[in-house]
Amino acid sequence: MVVVPDASEITSRTSSAPTAVESSATEFLSAFNQIEAFLRDTLDARRSDSFTWMVRQLAKRNQVTRSQSDALHAFADLRNAISHGEYRSGNPIADPRPDIVEEIRRLRDILLAAPTLVSVLRQNPIVRFSPDTPVHDVLSAIREKGYSQFPIYDDGGSYHRLLTARSVARWIAHDLADNGQLDAATVADVLRFAEPHDRAVLVPRTTTVPEALEILGTRDSGGQLPDAMIVTEHGKREQLPLLIVVAADIPALLDAVEF
C-alpha cells in the first residue's frame, strides 16, 4: 500500500529544506576568516594586529613562501573590498570569481593542514657513526654516498653531535700539515676540528614543512644557519634518526607547500 502524505506534511518538509545558496563572497570570507584565525593563533597575535602585519611576520620567519605571502596580501585587499562595499539584502553586491574562491580554499588547506616532513621527503639509508668509528669509514661514506653531514651517536644510542664535510676538510688540512700523513684514527679525533656552527636541530616526526623551513632559515647567535635537521620520534637526543633534512632538501619542501 502506498501512503500519500497530506498537504501539511509536504508544506512542513518543503519549508525546512534549505533554499538559500551561499554566495561566492560568503564562501571567500569564510575561508579568509579561517586563515586569519590560524595566523593569529600561530603568532599569538593581539586583536589589534592587522592581517597584513601577521603575514609579514610569518614571511620573516619563513613560515609562508613568497607566493603565499603575495596571495595573502591580495586576498586581504579583496576582503576589504567585499567588507566595505555595498550590500543588498544582507549580501555583498561584489562576488569574487569562482576560481578565486577555489584559490583561497586551496591556500587555507595548505596552511591549516600543512604536510609533515616525513610525508614529503623520502629518506635514503641513514649513515650514522659513533665517536669510536674508524675515520676511514667516514671517508668511504663521503666518497661512495656523496653525503656531507653525518649524525654521531654514542654507544648508548644518544645523539652526540653532527659531523660535517667541513670538519673533515679542516682535519685533513691540519693533519697533513703536521707530517704529510693522516694520523687521526677515529671520528672523535676528527670532531676536534668541528666548530660550534656545525650543528643539527632535533625535531619530532610531527614537524610540518613550514615549521622546518622556519628552522632551516633561522640563524644562531653567530649568524649561522643549521647544517641539518634530525627527525626522531619525539625530537629527543636518545632517539635514533628517522630522517635527516639538509639544505639540498629545501626545493622539495618548497614544492610541497607551493601555491
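This is a predicted model: local features need pLDDT of at least 70, side-chain atom pairs count only at pLDDT 80 or more; totals for chains, interfaces and linings use all residues.
Helices are here DSSP runs of H or I with at least four residues, numbered from the N terminus.

The loop between helix H3 and helix H4 (66-84) holds Asn62. The phi angle of Asn62 is near 65°, a positive value in a residue other than glycine. With a relative accessible area of 31%, Asn62 is partly exposed, because that class lies between the limits of 20% for buried and 50% for exposed residues.

A second residue with this backbone feature is Asp44, which is not a glycine and yet has a positive phi of about 50°. Asp44 is found in the loop that links helix H2 (24-43) and helix H3 (51-60). The relative accessibility of Asp44 is 69%, so Asp44 counts as exposed.

The sheet comes next. Three strands, in the order E5-E6-E7, make up an open sheet with mixed pairing. Strand E5 (200-204) and strand E7 (243-246) are the edge strands, each pairing on one side only. On average, neighbouring strands of this sheet are turned by 25° against each other, direction ignored.

Within this sheet, E5 and strand E6 (residues 228-232) run parallel and are joined by five bridges. Ala200 stands opposite Ala228 in E6.

A helix accompanies these strands. Helix H10, comprising residues 209-216, lies across E5, E6 and E7. The direction of H10 is at about 140° to that of E6.

Definitions and conventions:
Residues are numbered from 1 along each chain as its sequence is written. Side-chain values use heavy atoms; hydrogens and water are left out. Two strands pair if DSSP finds at least two bridges between them. Helices (H or I, at least four residues) and strands (E, at least two) are DSSP runs, numbered from the N terminus. Axes are lines fitted to C-alpha atoms, for helices over the stretch in contact, and angles run from 0 to 180 degrees between N-to-C directions. Contact means heavy atoms within 4.5 Å. Buried means under 20% relative accessible area, exposed over 50%, partly exposed in between (1.4 Å probe, protein chains only).
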